[in-house]
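Here's a quick briefing on the packing inside a protein model. Have a look at the structure first, then we'll walk through the aromatics and their surroundings.

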Amino acid sequence: VPVTDEDVQLMVADVSQVVAIVFGMIAIVKRQTSTIQPLTMTKAGAEGTVTIPGTRDQGFEILTDYAGYADWMPGVTSAQVLAREESTGIVWAEFVTPALKGEQYVLEFVESPPAVLVCQEVGTYRSRGLAGQWDLEAVGEGEVRLRGEFRWRTTIWRRLADRRVARALLQAQLAAVQEEVALRRGDREAPGGEEVVLDILERDG
């Protein structure tokens, strides 16, 4: 498939986007830990885990406070819930993330409290657009292992840049969730005053 001048311009723009996002998220991550493990991208994005204090219900409550994303979720400047189906656990919410998408976009969330939260951008094929998943697992008294997965895909020409963006955003999101949990609990530091390690896992899929 021939590469046009427009494709080249888009790829150059993607590089600038990745640089802006990465540097914009470094401060968020540094507030949480200085021992972040090397990140590994998957074919579609990235996934990783972080241990947070509290219960699964408390963690799930924060993750499903969609309107509050604008206050603490990295990159989100505006957020509102459009509709909710209590019987199915499906929620539609609108967001604005200038570093990722310059316009408003809508995500469909499927809630399975307090263990799983899945999201997919509305109006895109399953392999395109924004998608992600949060899994919460109790690992001890007063601790929860939060696993996050983030996928961002536009076109084949942007595949590498898209994966780098997904990686940078997931890194920042995990740190931000941990920090938000600590703030809502009234903690100034990570659990036990120890550093929090973000573990990005490699997958084939």
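F95 has a relative accessibility of 2%, so that residue counts as buried, the cut-off being under 20%. Keep in mind that this is a predicted model. F109 comes in at 3% relative accessibility and counts as buried too.

**The aromatics**
- There are six aromatic pairs in the structure.
- Take F95 and F109: their ring centres sit 6.1 Å apart with the planes at 70°, so this pair is edge-to-face, a label that needs an angle over 60.
- F95 belongs to strand β3 (residues 90–97) and F109 to strand β4 (residues 101–112), so the pair ties together parts 14 residues apart in sequence.
- Both rings are also members of one aromatic cluster, made up of Y66, Y69, W72, F95, Y105 and F109.

**The nonpolar core**
- The largest nonpolar core counts 36 residues, and Y66, Y69, F95, F109, L117 and F150 are the ones with the most contacts inside it.
- Helix α4 (residues 159–185) is the top contributor to this core, with eight residues.
- Setting aside residues up to four places away in sequence, Y69 touches I62, L63, V76, A79, F95, F109 and L117.

**Around T77**
- T77 sits in the loop between α3 (69–72) and β2 (78–85).
- Ignoring neighbours within four places in sequence, T77 makes contact with A70, V96 and P98.

How values were computed: Residues are numbered from 1 along each chain as its sequence is written. This is a predicted model: local features need pLDDT of at least 70, side-chain atom pairs count only at pLDDT 80 or more; totals for chains, interfaces and linings use all residues. Side-chain values use heavy atoms; hydrogens and water are left out. A nonpolar core is a set of buried Ala, Val, Leu, Ile, Met, Phe, Trp, Tyr and Cys residues joined through side-chain atoms within 4.5 Å. Buried means under 20% relative accessible area, exposed over 50%, partly exposed in between (1.4 Å probe, protein chains only). Helices (H or I, at least four residues) and strands (E, at least two) are DSSP runs, numbered from the N terminus. Contact means heavy atoms within 4.5 Å. Rings of Phe, Tyr and Trp (its six-membered ring) pair if their centres lie within 6.5 Å; planes under 30 degrees apart count as stacked, over 60 as edge-to-face and the rest as tilted.
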